[in-house]
Amino acid sequence: MENLCRYIDHTLLKPEAGREEIARLCREAAEHNFYAVCVNSCHAAYAKSCLREMEKRGFSPVKLAVVAGFPLGACATEVKMFEADCACRAGADEIDMVINIGALKEGRINFVRDEITAVVRAAAKHGAIVKVILETCLLTEAEIRAACRLAGSAGAAFVKTSTGFSKGGATSETVALMKAAAGSHVRVKAAGGIRTRAQAESMIRAGADRIGTSSGIAIIGE
């Protein structure tokens with residue numbers, strides 16, 4: 001598959017990550033022409049400075065994605081909005097927010113839609129887009145469909161399968177389900193447990209527009 005590198009969000013979200021690892025992540029993303037890096041919000045400003053330095057050295061620009069409400073999605077809406085705003089002011093181009101999973105499973109549709117809308121608006125003030133993480137391993141197929149429709153109606157640019165921190169990750173079957181449910185105006189990011197080229201290509205064939213992985217270099221090197 002051509003241009004596989006342009007599907008990849010080079011990801012480092014482990015809690016023990018430090019600046020040396022963030023710098024390496026950004027350098028690798030630039031050197032391999034990955035689409036974006038994805039980091040926790042405490043690293044947003046430093047990651048942006050690293051990416052700008054790589055661009056000054058002649059490498060193609062790499063987007064900065066920052067998570068919000070990660071990994072549980074169970075913090076207050078105002079916290080997610082504030083984290084998204086802080087990340088965007090630090091240079092984030094994209095916000096990967098975790099949906100309120102409990103609210104979705106309880107059927108509190110208006111709450112879920114309103115929360116996504118609030119984060120989308122917080123990001124949009126800075127020209128950033130939002131990817132909504134569903135944590136599909138915790139949802140039924142009906143809940144996945146509902147979440148995809150909600151994300152689309154709330155203005156999200158993407159729906160995303162997983163955090164990679166729960167009991168399961170992305171599957172090609174779930175990606176296909178999300179692609180069908182989300183509609184043509186919402187893209188799909190597959191993330192969680194994608195470690196081989198075969199897995200990545202399977203996700204793309206199923207409809208993934210972006211791949212979130214910490215194994216990007218190994219994947220494109222196969």
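Predicted model: local features only at pLDDT ≥ 70, side-chain atom pairs only at ≥ 80, totals over all residues.
Let us start with V132: leaving aside neighbours within four places in sequence, this residue is in contact with M97, I99, I116, A151, A156, F158, V159 and K160, where contact means heavy atoms within 4.5 Å. Residues are numbered from 1 along each chain as its sequence is written, and side-chain values use heavy atoms, with hydrogens and water left out.

V132 belongs to the largest nonpolar core, which has 68 residues. A nonpolar core is here a set of buried Ala, Val, Leu, Ile, Met, Phe, Trp, Tyr and Cys residues joined through side-chain atoms within 4.5 Å. Buried stands for under 20% relative accessible area, exposed for over 50%, and partly exposed for the range in between, with a 1.4 Å probe and protein chains only. Which members touch the most others? They are I95, I99, I116, V132 and L134. Helix 1, residues 19-31, supplies the largest share of this core, six residues. Another core lies apart from it and has seven residues, among them C38, A65, V98 and I133. In soluble globular proteins, nonpolar side chains tend to be buried together.

A word on the elements: helices (H or I, at least four residues) and strands (E, at least two) are DSSP runs, numbered from the N terminus. Two strands are called paired if DSSP finds at least two bridges between them.

I turn now to strand 3, residues 63-68. Five of its six residues are buried, and the strand is thus mostly covered. On one side, strand 2 is joined to strand 3 by four bridges and runs parallel to it; here V37 stands opposite L64. Strand 2, helix 2 and strand 3 form a right-handed β-α-β unit. Right-handed means that, with the strands pointing away from the viewer, the path from the first strand over the helix to the second runs clockwise. Strand 3 also runs parallel to strand 4, residues 94-98, again through four bridges, and A68 faces M97 of strand 4. The chain passes from strand 3 through helix 3 to strand 4 in a right-handed crossover.

Helix 2 itself covers residues 44-56. How far apart should its ends be? At 1.5 Å a residue, its 13 residues should span 18 Å, and the end C-alpha atoms are 18 Å apart, which agrees; the expected span is 1.5 Å times one less than the number of residues. The buried residues of helix 2 are A44, A47, K48, C50, L51 and M54. Seen down the helix axis, they fall within an arc of 160°, so they line one face of helix 2; the arc is that of the directions from the axis to the C-beta atoms. These buried residues pack against helix 1, strand 2, strand 3 and helix 3. L51, for example, has a relative accessibility of 7%, and touches C26, V37, V62, K63 and L64, not counting residues up to four places away in sequence. After helix 2 comes G58, with a positive phi near 105°.

Helix 7, residues 172-182, has S172, T174, V175, L177, M178, A181 and A182 buried. They pack against helix 6, strand 6, strand 7 and helix 8. Helix 7 is followed by G183, whose phi is positive, near 90°.

Next, strand 8. Its residues R210 and G212 point one way, I211 and T213 the other, and all are buried. Strand 8 pairs in the parallel sense with strand 1 over three bridges, and with strand 7 over three bridges. The chain reaches strand 8 from strand 7 through helix 8, in a right-handed β-α-β crossover.

I close with backbone geometry. Most residues other than glycine have a negative phi, and most peptide bonds are trans. N33, in the loop between helix 1 and strand 2, has a positive phi near 60°; at 30% relative accessibility, N33 is partly exposed. Finally, the peptide bond from F70 to P71 is cis, with omega near 0°, and P71 sits in the loop between strand 3 and helix 3.
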